[in-house]
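Visitor: Could you show me how to read a few features here, starting with a single contact?
Guide: Gladly; let us look together.

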Amino acid sequence: MLDKTGTVTTGRMGVIGVHPADGESLEEVLALAGSLEDASEHPIGRAVADHARATGQHLVPVHDFAAHGGNGVSGVVEGRAVLAGRRSWLAAEWALTVPADLLEAAERAEAEGRTPVWVAWDGQVRAVVVVADTIKDTSAQAITELRQLGLRPVLLTGDNTRAAQAVAHAVGIAPGDVVARCYRPARSPRSSACRTRARSWRWSATASTTPPPWPRPTWDWRWARAPTWPSRPPT
């Protein structure tokens, strides 16, 4: 099983577009979302914060910052309770509804394999920020080599289904071997949630643990020191 972000893709996210709701200021959206995400270590959060800073926004410290299990982040920015994350999380945990004028932009982004980040504050959804990742040059060849070894690569991600399928198609992973919306708390080998959906847990890889072409038994790479097995230099 291959984690999408940082393994199959570069993990270097970039902001493609910012869509404020009717009546909202682009500058205010970037200032509040950028300040909130500046406290995050997630690649998406870093992309939003870097974009806000690059457009000249002054980012301020966040109070009561919290990351919510791969769903989003929350915090208080200049007295405003700001949220940024998945639409489903905003609806389920915060009972927020999405303005109709933002739905088209978000759906178009997902159809293109990009990720919409919903931004809300003071109890109302105010904008959607579209981010995208790039695929590593070596990923398609690595997938081919995995198949030559007799393995069936499975793409694992917490991202939306359309974005996951777009990446899978580009590197040669079958549509049926994509496990999307599998959030970080369920990714442990000891959890059956994503394992059941993928029907297999024989191999697992992440960017921080194994270089291409990635295949190592789970029980091996999780505890072995990196120099103990021969491999090609990371690319």
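Guide: The backbone nitrogen of histidine 42 sits 3.1 Å from a polar side-chain atom of serine 40. A polar contact is a pair of N or O atoms within 3.5 Å; within protein, one must be able to donate a hydrogen and the other to accept it, and residues adjacent in sequence count only if both atoms are side-chain atoms. This is a predicted model, where local features need pLDDT of at least 70, side-chain atom pairs count only at pLDDT 80 or more, and totals for chains, interfaces and linings use all residues. Residues are numbered from 1 along each chain as its sequence is written, and side-chain values use heavy atoms, with hydrogens and water left out.

Visitor: Is serine 40 buried or exposed?
Guide: Buried means under 20% relative accessible area, exposed over 50%, partly exposed in between (1.4 Å probe, protein chains only). Serine 40 counts as buried because its relative accessibility is 8%.

Visitor: Which residues does serine 40 touch?
Guide: Contact means heavy atoms within 4.5 Å. Leaving out residues up to four places away in sequence, serine 40 touches Gly45, Arg46, Phe65 and Val73.

Visitor: And how many residues line the largest pocket?
Guide: Rolling a probe the size of a water molecule over the atoms shows where empty space is left. A pocket is an open set of points on a 1 Å grid over the protein atoms alone, where a 1.4 Å probe fits, with protein on both sides within 12 Å along at least five of seven lines; lining residues have an atom within 4 Å of a point. Here 39 residues line the largest pocket, and His42 is among those nearest its centre.
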